[in-house]
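The following note is intended for a student who is reading a protein model for the first time. Please keep the sequence and the structure in view while working through the numbered points.

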Amino acid sequence: MDLDDLPTKSFCILPWTSAAIGSNGDVVPCCLWQQSSRQRSYAKEHNIEVATVDNGIEAARNSELFRKVREQMLNGEKPSGCEYCWNQESNKHFNELVNSNKKTHLRVYRHQEYADFSKTDYDINPLPLKFLETAVSRTCNFACVMCGPGSSSIIWGIYNKGKSVPKGFAKSLDNLDEDFSNLKLVKVVGGEPMVEKKHDDMLDLIINQNKNPKNLIIEYHTNASVFPSQRVIDQWKKLKAVRIIFSMDSVGKYAELQRPGNYKWENVENTVDKYIQLAKTNVPIIFSANITLTALNIQYITETCDWLYNKLSDLKTSWFNCNPIDKNVYKYIDFRNLSKQTKQRTKDKWKKWEDSNPPVLSSETDEIHMIYETAKSYIDEDGILDTPLTEEIMLKHYYYAETWKKYNVDLSILNLLP
């Protein structure tokens, strides 16, 4: 199946079968449209109300915003909120990976997972909910520099001194009013899911309503610094699978460059080891990792691959994503804006690593090596800054530079060449 096989040239099944709830209570078709500013821009563009969870998920999925998105897709128009996918589908490097069967376009993958192939006619009304994405709250012990106040209570506190962190969706679970009986996947993001105790209540509610939990997958995007409660572990045993997706971008001393916060790297190591031991019991854990590629971690992507392989190669794994940072929004931490000298030094380092025949590159049982393949395919892309990035430029111009200062992160270890 490819993009041409979808019902229209701009069709995505998620506006019909999915809902993504932000920590502030906004509801959109998927997490890639999760930024509230994008949600509000789209609503303003079409003179409609923002969809929120205030009156429940069902009302949000029947809102004018969701119906407008479906209408546009049925007409072959491209909703502006779906910009991530449009950019991905026009990127030559990503299409090369698709053509070599190493990647799949998101709209195709989603259709394969959540569409009813016996259905050929669509209207603007929702279909049974199969995919729920939710950030229970913005409570988090990390202040990742590519994150923001909407998903990190620490970043909120840094930039809103003296103000209480808004409760948003986490203030009540009463608005979880949808029919969860057909759910196939629940994706839990944050904040950090394992820090927010309301997550435990939400998990009970969803699993108890599902008509067949053995067909249900729960997916967690976690920074792996906090281990779940026994109550959660007992619920996981009822499921088809629990996908633990490590949100990590570097390892060891390099981890805090991109993900500063109230933790030590040893916390992550210990928690990952606990997950590994749990996976060897009767809890159906599948491991994945999601990496955001920036100027802060591209030099150390091989160390990350080695670490993941050494930890996970003997366990059940799924996909390993490596997504380049948006070049327009995050230009002051974008690897594309590194100097040619820094890029060449990085590629020389990679070549030595390849020549050493690391086992992760020869493994046929996992996709960890795709992290490296993705980095290789993007490193030579041109940036948009006139002057190559240096540590000083990042500290002076990046809008979340205060997070580095708060945790005394030393950017000089990047050793960027002019």
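Which residues of β5 lie on one side and which on the other, and are they buried or exposed? The first point below gives the reply, after a remark on the source.

This is a predicted model, in which local features need pLDDT of at least 70 and side-chain atom pairs count only at pLDDT 80 or more, while totals for chains, interfaces and linings use all residues. Residues are numbered from 1 along each chain as its sequence is written, and side-chain values use heavy atoms, with hydrogens and water left out.

1. Strand β5. I217, E219 and H221 are on one side of β5, I218, Y220 and T222 are on the other, and all are buried, so that both faces are covered. Buried means under 20% relative accessible area, exposed means over 50%, and partly exposed is in between (1.4 Å probe, protein chains only). In a regular strand the side chains alternate between the two faces of the sheet. Helices (H or I, at least four residues) and strands (E, at least two) are DSSP runs, numbered from the N terminus.

2. Pairing of β4 with β5. Strand β4 (residues 185-189) runs parallel to β5, and the two pair over 4 bridges; two strands pair if DSSP finds at least two bridges between them. V188 has Y220 as its bridge partner in β5.

3. Residue L132. This residue belongs to strand β3 (residues 131-135). With a relative accessible area of 0%, L132 is buried. Leaving aside residues up to four places away in sequence, L132 touches A19, I21, I57, F180, L183, L185, V186, K187 and I206, where contact means heavy atoms within 4.5 Å. L132 and V188 are 56 residues apart in sequence, yet their C-alpha atoms are 8.4 Å apart in space.

4. Because K311 lies in helix α13 (residues 301-312) and D273 in helix α12 (residues 265-279), the pair ties together parts that are 38 residues apart in sequence. D273 is partly exposed, at 32% relative accessibility. By contrast, K405 and E402 are both in helix α18 (residues 401-406), 3 residues apart, about one turn of the helix. Their salt bridge has its closest N and O atoms 3.4 Å apart. K405 is partly exposed at 45%, and E402 is partly exposed at 36%.

5. The side chains of D334 and R336 meet in a salt bridge of 3.0 Å, N to O. D334 is buried, with a relative accessible area of 0%, and R336 is buried as well, with 7%. Elsewhere, D201, D204 and R231 are linked in a network of salt bridges.

6. Cavities. Rolling a probe the size of a water molecule over the atoms shows where empty space is left. On a 1 Å grid over the protein atoms alone, a cavity is a set of points where a 1.4 Å probe fits but cannot get out, and a pocket is an open set with protein on both sides within 12 Å along at least five of seven lines; lining residues have an atom within 4 Å of a point. Grid points are joined across faces, edges and corners, and a volume is the space filled by probe spheres set on the points. The structure holds 3 cavities of 30 Å³ or more. The largest cavity has a volume of about 140 Å³. It is lined by 16 residues, of which C12, C30, C82, C85 and R110 are the closest to its centre. Helix α5 gives the most to this lining, with 3 residues. By class, the lining of the largest cavity has 13 nonpolar, 1 polar and 2 charged residues. Here Ala, Val, Leu, Ile, Met, Phe, Trp, Tyr, Cys and Pro count as nonpolar, Asp, Glu, Lys and Arg as charged, and the others, Gly among them, as polar.

7. The second largest pocket. This pocket holds about 260 Å³ of space. Of the 15 residues that line the pocket, R336, L338, K340, K343 and D382 lie nearest its centre. Its lining has 3 nonpolar, 5 polar and 7 charged residues.

Terms used: Salt bridge = Lys/Arg side-chain N within 4 Å of Asp/Glu carboxyl O.
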